[in-house]
Amino acid sequence: MPNVKTEMRVIYLSILVVFAVFLLFPLGTLFVRSFETNQGFGISNYLSILSNKDLIEAFGNSIKISTMTAVITTILAFTLAYAVNCTRIYRPIKTVIKTGIVIPMLLPTITYGFAIMYSFGNQGLLTKIFGRNLFEIYGFNGLLIGYVIYTVPAAFLLLNNSFKYIDKKFIVVSKLMGDGSLRSFMNTIVRPLLGTLGGAFVLSFILSFTDFGIPASVGGTYYVVATQLYQVMLGSIPDFNHGAVIAILMLLPAVFGVLLLNYLEKLNFHYDKFSNIELIQHKFRDICLGVISSVIIVAMLSIFAVMFIAPFLNSFPYDLTFTLKHVMNIFQSSDLTDVYKNSLLVATLTAVLGTLFAYCSAILNARTPLRWKSSIDIISMMTNTVPGMVLGLSYLLLFNGSSLKGTFTIIVLCNIVHFFTTPYLMAKNSLSKMNPSWETTGELLGDSWIRTIYRVILPSSASTVIEMISYYFINSMVTVSGIIFLVTAQTSLVASEIKELQHFAKFNEIFVLSLLIFITNLFIKLLCDYLQKKQLTK
Amino acid sequence: MLKLQNVSKQFDRKVVLDDINIEIKAGEIVSLLGPSGSGKTTLLNIILGLTQLDHGKIIFNDMDMSHVPMKNRGFNIVFQDYALFPHLSAYENIVYGLKNKKGLVSEKELQEYIEFLELKPHLTKKIGELSGGQKQRVALARTLVMKPKILLLDEPLSALDGVIKESIKQRIQSIAREFKLTTIIVTHDPEEALTLSDKILIINQGNISQFGTPQEIINQPQNDFVEEFILKQLQIKRQNIYNLFGEKHA
Ligand SMILES: Nc1ncnc2c1ncn2[C@@H]1O[C@H](COP(=O)(O)OP(=O)(O)OP(=O)(O)O)[C@@H](O)[C@H]1O
Ligand SMILES: [Mg+2]
């Protein structure tokens, strides 16, 4: 590792300042405000929230439905990951699973709700196909479907990654030792994955507990914490102090969840080295899993089918003739095209600045001997913990009187902080694997530290940088919960605009805008994947 | 001439180097020999300027270098794992430093280095496409074109196999002779040290066990450590080889 240089200290300090101003102070403010009352400081806000029957019920609802989501999601995601990694099903099916699963991630969660309504509602696509109402979708059922679709992709990616690190040779060894199917399965698959399975459960729980988009669209009268928080803050009589209390209460399960995740991490097996080996033939297993996993994927994606159909029909579901008029309307409405441009601007700025920020943080931590550098790890754990709604709300409280209010700057900053953890860990992981002597070598060959970063480290991690950009871009395109408290009429984004359009029941516009987000994200994703591949084969 | 005076180093209160005093003449090849954890790499890094020393002085041509930053000392190193930049070709690696120091080496000289290390056929290859010995030579070339005043090598041979090892050994010797370059090599293999260098510095637990020419070490081992660990190893090796060839000729 290189010796400490002034440049490192300067960058390190700047990063700390940003986090102080845009993470610690806002959260501090939130905390203080939750205790602030007309009669000075006290716990009366908490008491009044905890004696409010609606709110208590909402908390109960949130916990109940998030737990159910987590159970279902973990099972589904495990099944899919198992099918992809431990069976010999037809390869294209595996590709379809791996590709199809990421599609929901390219859409805002609020769109899920409308897609569910248009699929299962009274006049929905699937209702028509099946000829009857399958079930009541507003409220519990709709939420559950939405949450599961929202969390399965994340849980699958987590499990799929862990499956790669399972040494499949042990499956063969276990068979040779005479283990029965169940025992073999438990010992060679479930036990090594226990930590990750727990992780998938906790992750799904936190995601559903803190999501705003899904309950905002199909929640109906089934109240959950996120909708209550929105009501209190932006309803007819806003109450910031009560809002702060709810936000703190929303933060608690997240804190608990992240602590649990870190603990579960320790449960994971770490095989020294793992070998790739032919999987044992097993026709019955393969057919079963092939069918089950295809059904899961098709079911998930069929819900979105309506989104691609409805806006191109005259008046779904009554007049099913093709038209482009809804699409044209959007492009002729300067309001909506402006909103789309705003979204593009915010996503691009977030992607570029966020990647720069996360990359610098990772370099300092992974490749310098700075003292206290591990504080960045603690920060990254905090950003992982704080739900978007809580972060956005705390910005609202802290910056309400400042000139940052109602600017794109604050939205971009909120996104950068909100989504910091994943890109930071990507960069840290890749940087710490590189040869530790490169900076010293560069220095001996006449480079300054920054120059070696630019000439050697950056080109060697280009693929990771592309992945970081893609992550930041897509997430700022789809986030609703993070920005819902920060947008104004001038800085409205597509995802928040969809929420507005809901009031006027303009579903065609909602779907066209969702399609726009989808196509933009898909384009960025494919482009980044392509560039990454090019980097890797170079 | 390089002088180390009373050089000491501790890591977290653990003494790693204890009062090292030696003199290395210009153009000499010196091996640092010792068991794992004895402080060889630490000493090399102290000379390089990467690690700060706690006490003592490093004097090069009558200049006190102890507090001169690594970059300004003018020494250079080839790391054990070469630290070549994988996104650049062999040639781009070799001229990497010349981009910063234009005019340090003429085009003709550069070609001479490349020819001398027999790298002509490999210049356009990516680092991943080179064999261990080729990587080693590219790393040597990249360092040599910077015209270092002292060349430091950390276990240059440990990643190479038999035949290549011998050829690189010869090459290091001829570089030192040809460019009159003071060369300091870390190794834990007594045979390597004794056949490669003009002088050997044997370190044990941070102390100098003996500093002398190969003859001196073989003929006048100064203590049990040199006798037990260094010479014993060589004798066993010799015995094994005799046995092998003896059987064959019997
Ligand atoms: N940065 C460091 N911090 C703390 N201790 C260190 C550090 N670097 C080296 N040491 C310790 O100093 C001692 C000498 O290390 P050094 O790397 O110089 O040994 P070495 O002779 O090169 O061994 P090897 O043959 O295994 O490479 C070891 O006990 C090592 O653990
Ligand atoms: Mg060493």
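Analyst: A:C414 counts as buried, with a relative accessibility of 0%, where buried means under 20% relative accessible area, exposed means over 50%, and partly exposed lies in between, using a 1.4 Å probe and protein chains only. The model is predicted, so local features need pLDDT of at least 70 and side-chain atom pairs count only at pLDDT 80 or more, while totals for chains, interfaces and linings use all residues. Residues are numbered from 1 along each chain as its sequence is written, chains are lettered from A and ligands numbered from 1 in the order in which they are written, and side-chain values use heavy atoms, with hydrogens and water left out.

Another cysteine, A:C360, counts as partly exposed at 24% relative accessibility. Its sulfur lies 19 Å from the closest cysteine sulfur, which belongs to A:C528, and this is too far for a bond. Over all chains, the search of the whole structure finds 0 disulfides, a disulfide being a pair of cysteine sulfur atoms within 2.5 Å.

B:Y82 sits in the loop between β6 (75-78) and α3 (90-94) of chain B, where helices (H or I, at least four residues) and strands (E, at least two) are DSSP runs numbered from the N terminus. B:E155 is buried too, with a relative accessible area of 11%, and its phi, near 45°, is a positive value in a residue other than glycine. The loop that holds B:E155 runs between β7 (150-154) and α6 (162-178) of chain B.

Chain B also has residues around ligand 1. Of the 13 residues around this ligand, B:S36, B:G37, B:K40, B:T41 and B:T42 come nearest, a residue being near a molecule if one of its heavy atoms lies within 4 Å of it. For B:G37, a backbone N or O atom lies 2.8 Å from an oxygen atom of ligand 1, while a polar backbone atom of B:G39 is 3.0 Å from an oxygen atom of the ligand. In B:K40 a polar side-chain atom takes part, lying 2.8 Å from an oxygen atom of ligand 1.

Conventions. Polar contact = N/O pair within 3.5 Å; in protein donor to acceptor, adjacent residues only side chain to side chain.
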